[in-house]
Amino acid sequence: MLDGCVPWPEDLATRYRREGYWQGRPLGDLLDEACARHADRTALVCGQRRITYADLAAQARAVTGGLANLGIAPLDRVVVQLPNVPEFVVVVHALLRIGAIPVMALPGHRRVELTHLCAHSQAVALVVADQVKGFDHRALARQVRADVPTLEHVVVCGDAEEFTALTDLHRPGPDLPAVDPGEPALFLLSGGTTGLPKLIPRTHDDYAYNMRATAQALRFDEHGVYLAVNPIGHNSALGCPGVLGTLLVGGTAVLTSSVRPDEVFDLVQRERVTLTTLVPPVVRLWIDAARRSGTRLPHLTLQVGSAKFDPARAAEVRTSLGAGLTQWFGVGEGLLTYTRLDDPEEIVLTTEGRPLAPHDEILVVDPDDRPVPDGVEGELLVRGPYTIRGYYRAEEQNRRSFTPDGYFRTGDLVRRRPDGSIVVVGRIKDVINRGGEKVPAEEVEEHLLTHAAIRDAAVVGVADPTLGEKTVAFVILRDEPVTSATVKSFLRERGLATYKIPDRVVPLDEFPRTAVGKVDKVALRASA
Ligand code: AMP
């Protein structure tokens with residue numbers, strides 16, 4: 001496996017192959033085959049654009065040539081930061097065909113994250129849009145390029161200015177070597193605990209299973225129409241089954257970046273969307289809008305996760321929207337749990353479901369890593385055929401995030417019920433779950449501490465009726481006063497992702513402390 005990745009032990013790899021989890025097929029080949037099999041059907045819809053599987057194949061082939069001509073080779077890393085547009089799919093398909101590794105940046109990432117992703121993955125290329133919602137990604141690319149010497153190419157979707165235009169990459173290229181399905185196909189990003197996002201190497205074999213099995217669990221096939229509302233670069237909209245999983249089974253993926261009911265309801269009805277993945281705040285928005293307008297979406301199933309969804313609201317998916325519901329828990333590192341479509345209502349409304357794979361090995365443990373009985377709360381650990389054994393180039397972090405026998409520590413607190421369903425009850429990692437987007441507290445604190453007027457900082461998540469949690473930064477100031485607005489624009493100027501900027505900044509004279517002298521975040525949360 002690519003240097004810096006941690007392979008599965010040989011005995012487990014053999015077992016996963018024998019049991020049919022890993023089928024030895026590169027994702028580029030699987031996508032090519034789907035394009036050939038469903039040539040005349042619609043693969044992608046975005047605004048007025050409708051792209052057939054044959055069109056998609058032609059575009060992916062053309063861009064493969066252009067990328068290969070630039071010198072992009074198997075296992076090269078290429079950071080992709082694009083909104084939900086067909087070009088995202090074309091570029092990723094092309095990279096998979098080469099066996100190069102797309103690194104899935106999120107649209108909200110800014111200089112801090114993008115520089116880190118390019119530097120840490122030693123990326124040779126960065127693919128961005130020209131502008132998204134008024135933000136100029138070429139200007140950002142210029143800064144990143146100045147900081148990352150390995151970055152040879154910037155490819156721009158739209159007006160490229162001095163960079164390479166994606167449209168200029170439509171060129172015939174050299175013959176490609178066969179891609180090894182045991183190698184990483186793509187790098188997802190970890191919501192993380194400390195510091196910057198860690199890179200999650202997902203192999204062709206394991207991610208193909210991830211997509212195939214979620215599609216099967218949700219009975220999603222070539223008649224299915226998937227709506228991508230979450231960023232496609234996030235696991236939730238990429239491969240669970242997401243846009244790539246939709247294409248593998250011959251369905252249609254509809255791409256949008258809007259969550260607004262007045263826009264999305266029309267789209268859902270017009271395209272007869274059957275499945276979409278949403279975070280709870282968006283579902284709550286949709287439910288409230290449907291109540292007002294009387295809209296019903298009976299063909300649609302909502303796959304709701306990334307953050308806790310309360311049972312009362314979950315019940316309203318059926319009663320107010322007329323839609324089906326599956327709740328899920330997922331980590332980019334692998335493990336997915338789902339409530340199944342024919343589960344009793346009580347399971348669907350109150351649990352995050354059962355693991356996807358029969359060979360997912362789940363442990364729920366106490367702080368000393370001792371398994372606790374069913375019904376008792378503990379940390380969720382997992383290993384299995386689609387859960388990584390280590391982050392990319394992260395030996396020290398891997399010692400903390402994985403047990404010596406290879407279980408991934410999710411940092412989530414759960415209860416397992418005797419029927420095998422998982423109920424998420426909290427977390428031990430110091431991350432704020434802001435409507436499904438993960439804000440690592442420590443990282444924001446470190447940025448706050450670089451402000452000359454801030455002596456100490458503690459960042460916590462506090463309950464919020466819309467987002468589930470909001471980010472509050474408590475700060476102890478030196479002498480001069482600073483306003484909340486000044487602190488927020490300071491963080492923005494440092495290049496921190498938009499979604500990590502605290503919602504509130506609250507000055508304090510001192511922090512409450514625990515008996516051992518640590519900042520008492522429980523007390524801070526309560527005071528907010
Ligand atoms: P990400 O790294 O963005 O894939 O986020 C993974 C994390 O999201 C998990 O470790 C959980 O903390 C959280 N998460 C995912 N699904 C759920 C859920 N259904 N309920 C509560 N938290 C969730």
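**Note on the sheet, a helix pair and a pocket**

1. Nine strands make up an open sheet of mixed pairing, in the order 2-1-13-12-14-15-16-17-18. Strand 2 (49–52) and strand 18 (354–355) are the edge strands, each pairing on one side only. Two strands pair if DSSP finds at least two bridges between them; strands (E, at least two residues) and helices (H or I, at least four) are DSSP runs numbered from the N terminus.

2. This is a predicted model, in which local features need pLDDT of at least 70 and side-chain atom pairs count only at pLDDT 80 or more, while totals for chains, interfaces and linings use all residues. Residues are numbered from 1 along each chain as its sequence is written, and side-chain values use heavy atoms, with hydrogens and water left out.

3. Within the sheet, strand 15 (301–304) and strand 16 (324–330) run parallel and are joined by four bridges. T301 has G324 of strand 16 as its bridge partner.

4. Helix 15 (441–449) packs against helix 16 (484–494) at about 105 degrees, with the axes 10 Å apart; axes are lines fitted to C-alpha atoms over the stretch in contact, and angles run from 0 to 180 degrees between N-to-C directions. The two helices are therefore roughly perpendicular (65 to 115 degrees). V444, H447 and L448 of helix 15 meet V487, F490, L491 and R494 of helix 16 (contact: heavy atoms within 4.5 Å).

5. Which element gives the largest share of the lining of the second largest pocket? Strand 25 does, with four residues.

Technical notes
Angles under 35 degrees count as roughly parallel, over 145 as roughly antiparallel, 65 to 115 as roughly perpendicular and the rest as oblique.
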